[in-house]
Amino acid sequence: MGCRSAVLLAGLLLGLTAPLYAQDRKCDGTLLELTVVEQGTGRTDRFQFSLRLEAQASSKKEALNELNRRLVTVRSKISGLTMGGLVVSAPRNYTIGSKTTSPQRHQATASLTGEVGRTNYDPFIQQAGRLPGVSLQGMTSLSSTDGAQSLQQQLLERAFAQGRRQAESTQQLLGLRQLQLIRIDQRNGGGHLRSSALSRSEGSFDPSEAPKPRQSIRLNLDYCLN
């Protein structure tokens with residue numbers, strides 16, 4: 001890869017996502033357009049959790065009051081296990097059953113999200129699972145910033161190497177001698193997180209068994225063959 005391509009790779013590593021050539025360079029030979037996708041997983045640094053809170057009563061007011069009481073309990077029980085603040089959605093009220101049903105029941109719900117470290121993965125799941133009116137909707141594996149950047153760099157290097165191999169293979173097949181990279185487009189690159197199924201081992205939930213954070217990168221590469 002030439003000097004200019006090395007500079008472009010450095011730009012990609014800094015997080016550029018738009019096409020790196022503002023104007024496509026002309027190709028006087030054979031234009032080869034490639035799309036390369038690389039995926040990989042990194043180390044889990046922490047987890048983002050999502051809880052659903054719900055309460056039922058004979059009136060909307062009582063359902064909301066009970067929901068508030070359960071929210072207070074949840075906050076007190078998990079406060080020593082979580083990292084940073086919590087995000088609580090505005091409550092929603094529902095009428096259970098048809099209008100002809102007597103007496104009608106009312107339900108209030110809210111969601112609560114936050115983060116928990118690896119060491120508190122199992123204690124949090126155990127605690128949240130025992131609280132009335134609380135259900136764990138999912139745990140999403142998150143990687144550290146340094147870990148995500150390191151994985152992105154590895155994926156970029158692998159994507160460029162794969163694209164180069166494909167271009168050289170086509171070049172040899174056509175009996176051509178010159179190969180030049182003239183365009184790089186990383187529009188669809190980026191990180192993706194995957195929600196983990198809860199994996200239980202010997203009576204506890206092991207964070208090392210949770211699905212790891214996944215990233216993918218997509219490069220559109222144009223080569224000029226002569």
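How many salt bridges does the count come to by the rule used here? The count comes to nine, a salt bridge being a side-chain nitrogen of Lys or Arg within 4 Å of a carboxyl oxygen of Asp or Glu.

## Basis of the model

This is a predicted model, in which local features need pLDDT of at least 70 and side-chain atom pairs count only at pLDDT 80 or more, while totals for chains, interfaces and linings use all residues. Residues are numbered from 1 along each chain as its sequence is written, and side-chain values use heavy atoms, with hydrogens and water left out.

## Helix H4

Helices (H or I, at least four residues) and strands (E, at least two) are DSSP runs numbered from the N terminus. Among the buried residues of H4 are Leu151, Phe160 and Gln171, where buried means under 20% relative accessible area, exposed over 50%, and partly exposed in between (1.4 Å probe, protein chains only).

## Salt bridges

Glu38 pairs with Arg158 in a salt bridge whose closest N and O atoms are 2.9 Å apart; the pair links strand S1 (residues 30-41) with helix H4, 120 residues apart. Glu38 is buried at 12% relative accessible area, whereas Arg158 is partly exposed at 38%.

Asp185 and Arg183 meet in a salt bridge at 3.2 Å, N to O, and Asp185 is buried with a relative accessible area of 3%, as is Arg183 with 17%.
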